[in-house]
Amino acid sequence: MADELVQGFIQAFILIVTFDQEIWEIIFLSIRVSGSATFLATITALPIGSYLGPREFRAKKTISNLINTFMGFPPVVMGLIIFLLLSRSGPLGSAGLLYTTTAMIIAQFFLALPIIIGTTKAAIESVDPALKETVQSLGSTEGQLWWELIKESKKSIIAGIVIAFGQALSEVGAVMIVGGNIRWHTRTFTTAIVLQTRMGEFGMAIALGLVLIIITFILNYTLTHLQTKNE
Amino acid sequence: MNNMKLINLQKISKTFYKEDKVELKVLSDISLSVKKGECFTIIGPNGSGKTTLLRILGLLENPTEGNIYFAGKDITNLSRKETVTFRRKFSFVRQKPLVLNTSVANNIAYGLKVRGLEREEILSKVKEILEFIGLKGLANKNARSLSGGEIQRVAIAMNFVLPSEIYLLDEVSANLDLRNVTLLDDLITKLKQDKEKTIILSTHDPLEAIKYADRIAVLNNGKISQINTPEIIFTSPKDEFTAQFVGFENIFSGLAEIEQETGLSLIKINDLTITSSTQIEGSVKVCIRPESIIISKDPPANVSTRNSFEGKIDQIRDLGNICHLIVACNFEKFLVSITKASLEKLNIKLNSALYINFKATDVKCL
């Protein structure tokens, strides 16, 4: 076993430094899928989160609880739901999206959405109401006020976006089910690692794992850097 | 046009609710009007509802009942877009100033930017006010990184740079450091000279009210107990609360000049000349507390008493142990506070002739 591990690392090193085409395809695909999902989730979540944040209404508590629940929604279950919707006999089957990157983006979009809504809502809620009033009294329109509130809470919002992206990137259940792990088409970091490990191809698995860890490290480093800046 | 009611509040009430239960009645039945160009002061202790009233005026809070009129137009329940239009007629300087997380220059420019002014115009206005408040060197620093006093100055500049018609100043001098009090004083004095600008100022400090106010509204526990000129409010308070809160003051307006050989100020108030130890020139308001005035039957033997006037008792108000006398010295009337015992000892009756005496150091100039 120790021998296999050493062999695996050597092989991983070779694959990375020789810019193995398949590894790079997988890296780009993963980043493209998770990046698109996070981007779409962000532009959807910002208005929703900032709408919910400062308002008080009857259903708010229920909605808040719902969002919190969905923030930790199991990716496998999300994969199952999207699979059932997109499968040939499902309600959206005619679109023919199952086992495509689009399906993966949809699944990860719904996983990222509550995380970004939740963090945006919390961030905007925590803005001092007096600051909001100051901006209003300076003559801002609703839209201008909204933009100031986003700017005021941008650190927390960016943190939410980075966390959502990191989760999407390392999530395996949903992309496996709706993407199908098709080589060159829907194979991502995580699904590839699962497959290669099963096949005993440890070199490839370790190489991908290392790259994933490096990306996660960069994301976390950026996040910490952002949060400690200007303090 | 000059005497028209610019702002008119009709029976404004504000109740804060929490889950449909009455939580707090902050204002009830407030009716008042403010004329264009005037400095209207709302005076009252902490928690009397001053801030809420100003927030309602600045369209940051809707009243529970009642209407607000701006130059005759009802602006109580406007659409969001129209609310912004009317809000832009006001500058609102808050009690605790807040700045945006950006540079000093951007903070000051913010109100102008949202109004869609030309870039050049914004830059020149920002530059001008930065020089005035003495923060030119800090223009590009983040406003939040400044000291408390500097943040106050930025917040003042953010509001005074705007082309507003009405300036709402909420207890502004309460938290200011000394240098900023002077700065604000200059700004308010400048605004007062401009008859197009209206000031509505709230304060808990009677002296500040006397200094700036053309008219004062006394706010007690969410209700207005009296609206009148400072002279009337401070000499004849309508109720006990007002009397206790404002304290009694003799207030006169006059013209001051400095006497060369003594360095004291001589203030001409109609046919009286009052001497004050405060060095001041030009038009001033002077205050003398009723308890600083001493009554005597004869002219004072001590020549060092600069302020000694002959007068006649116009009114005697019995307040228990203390009596309030109104002494008429030609055209001016002085309020004098005296104990019942001294009143009897001096045998003071209506129309008796006597002298009022007070020290030059007891004459406060504003």
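Reader: How many residues has helix α6 of chain B, and what distance does it reach?
Author: In this predicted model, helix α6 (residues 178–193) of chain B has 16 residues and reaches 23 Å from its first C-alpha to its last, close to the 22 Å expected at 1.5 Å a residue.

Reader: Which residues of α6(B) are buried?
Author: Asn180(B), Leu183(B), Leu187(B), Ile188(B) and Leu191(B) are buried. Seen down the axis of α6(B), the buried residues fall within an arc of 130°, so they line one face of the helix.

Reader: And what does the face turned away from the buried side carry?
Author: That face of α6(B) carries exposed residues: Leu178(B), Arg179(B), Thr182(B), Asp186(B), Thr189(B) and Gln193(B).

Reader: What covers the buried residues of α6(B)?
Author: The cover includes α4 (119–133), α5 (148–160), β7, β8 (198–203) and α7 (206–212) of chain B.

Reader: Turning to the open sheet, in what order do the strands come?
Author: Six strands of chain B form an open sheet in the order β6-β7-β8-β3-β9-β10, with mixed pairing. The edge strands are β6 (90–93) and β10 (223–228) of chain B, each pairing on one side only.

Reader: In what sense do β6(B) and β7 pair?
Author: β6(B) and β7 (residues 166–170) of chain B pair in the parallel sense over four bridges. Ile166(B) in β7(B) is the bridge partner of Phe90(B).

Reader: Another topic: is Ile356(B) buried or exposed?
Author: Ile356(B), in strand β19 (residues 353–358) of chain B, counts as buried because it has 20 C-beta neighbours inside 10 Å. Among the residues that Ile356(B) touches are Ile293(B), Phe309(B) and Val336(B).

Definitions and conventions. Residues are numbered from 1 along each chain as its sequence is written. Chains are lettered from A and ligands numbered from 1 in the order in which they are written. This is a predicted model: local features need pLDDT of at least 70, side-chain atom pairs count only at pLDDT 80 or more; totals for chains, interfaces and linings use all residues. Two strands pair if DSSP finds at least two bridges between them. Helices (H or I, at least four residues) and strands (E, at least two) are DSSP runs, numbered from the N terminus. A residue is buried if 20 or more other C-beta atoms lie within 10 Å of its own, exposed if 12 or fewer, and partly exposed in between; C-beta atoms are placed from the backbone. Two residues are in contact if their C-beta atoms, placed from the backbone, lie within 7 Å. The expected span of a helix is 1.5 Å times one less than its number of residues. The arc is that of the directions from the helix axis to the C-beta atoms. Lists of a residue's contacts leave out its neighbours within four places in sequence.
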